[in-house]
Amino acid sequence: MGVYTNQGSWLSRRGAFLIIVVAFQGVLILGLKSGFAMKMKAAVVNIIQADVINEVQEEELPPPPPPPKMELPPVEVPPPVVDITIPVDAPPTTALSNVTDRPVPPAPPPPAPPPPPPPEQLKLSRANQPNVADYYPPTSSRLGEEGLVKVKICVGTNGRVSSAEVAESSGFPRLDDAGVKVAKLYRFNPVTREVCNTLPVRFELKEGR
């Protein structure tokens, strides 16, 4: 029993495929030599660049500035009108007497206050009074210092000297201090109120001292 194989048709298809492959390679080689491949590459690059440029988004423009604000002039409100009426006093009228219809003379001024009573006079009492010679400073006596000391004294109601100070100096401090001590020892008659006066105290050297 024999087997039938279609070997001749298979070889014919294989040969045709080989011819096509060889022809395609030959075309590629010719294209590379003639620069056809470079032209295709440039066309493809231009198409890609055109697509990239078309895809770039347009920049958004900034919004327009707002319109300027209109400044309205200030509204002036007139001040309220207040009617203040101040009564004006009528000028004083001259009082007239009922009898003579003449102006009444002004009242007399009040009487002047009475003058103050004169100051009381200081009078030495009968009590023993100090001896100025007993209070003569020894140094002043040895140096021959002499002088008059005027002492301002104030005497109380009991007749005793409440205060004493130099009113006029003798020119020697030691005599001034001694004069104040002597003045405080004087006694006067009682008075109704405190009286101040000036008391002279003289320091004078006598023969034999």
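This is a predicted model: local features need pLDDT of at least 70, side-chain atom pairs count only at pLDDT 80 or more; totals for chains, interfaces and linings use all residues.

Colleague: How many helices and strands are in the chain?

Modeller: The chain has 4 helices and 3 strands. Both are DSSP runs numbered from the N terminus, helices being H or I with at least four residues and strands E with at least two. In sequence order the pattern reads α-α-α-β-β-α-β.

Colleague: And what share of the residues is buried?

Modeller: 17% of the 209 residues. Buried means under 20% relative accessible area, exposed over 50%, and partly exposed in between, using a 1.4 Å probe and protein chains only.

Colleague: How do β1 and β2 pair?

Modeller: Strand β1 (residues 147-155) and strand β2 (residues 161-168) pair in the antiparallel sense over 6 bridges; DSSP has to find at least two bridges for strands to count as paired. They make a hairpin with 5 residues between them, and G159 in the turn has a positive phi of about 85°.

Colleague: Which residue stands opposite K150?

Modeller: That's E168 in β2. K150 also forms a salt bridge with E168, with the closest N and O atoms 3.5 Å apart. The pair links distant parts of the chain, K150 in strand β1 and E168 in strand β2, 18 residues apart. A salt bridge here is a side-chain nitrogen of Lys or Arg within 4 Å of a carboxyl oxygen of Asp or Glu. K150 is partly exposed at 31% relative accessible area, and E168 is partly exposed too, at 42%.

Colleague: How many salt bridges does a search of the whole structure find?

Modeller: It finds 2. R174 forms one with E145, the closest N and O atoms being 2.8 Å apart. R174 lies in helix α4 and E145 in the loop between α3 and β1, so the pair ties together parts 29 residues apart in sequence.

Colleague: What else does E145 contact through its side chain?

Modeller: The side chain of S140, in a polar contact at 2.7 Å. That term means a pair of N or O atoms within 3.5 Å; within protein, one must be able to donate a hydrogen and the other to accept it, and residues adjacent in sequence count only if both atoms are side-chain atoms. S140 sits in helix α3 (residues 138-143) and is buried at 0% relative accessibility. Leaving aside neighbours within four places in sequence, S140 is in contact (heavy atoms within 4.5 Å) with E145, R174 and L175.

Colleague: Where is L175?

Modeller: In helix α4 (residues 173-184), and L175 is buried at 0% relative accessible area. Not counting residues up to four places away, L175 touches several others, including Y136, V149 and F203. L175 and Y136 are 39 residues apart in sequence, yet 7.5 Å apart in space, C-alpha to C-alpha.

Terms used: Residues are numbered from 1 along each chain as its sequence is written. Side-chain values use heavy atoms; hydrogens and water are left out.
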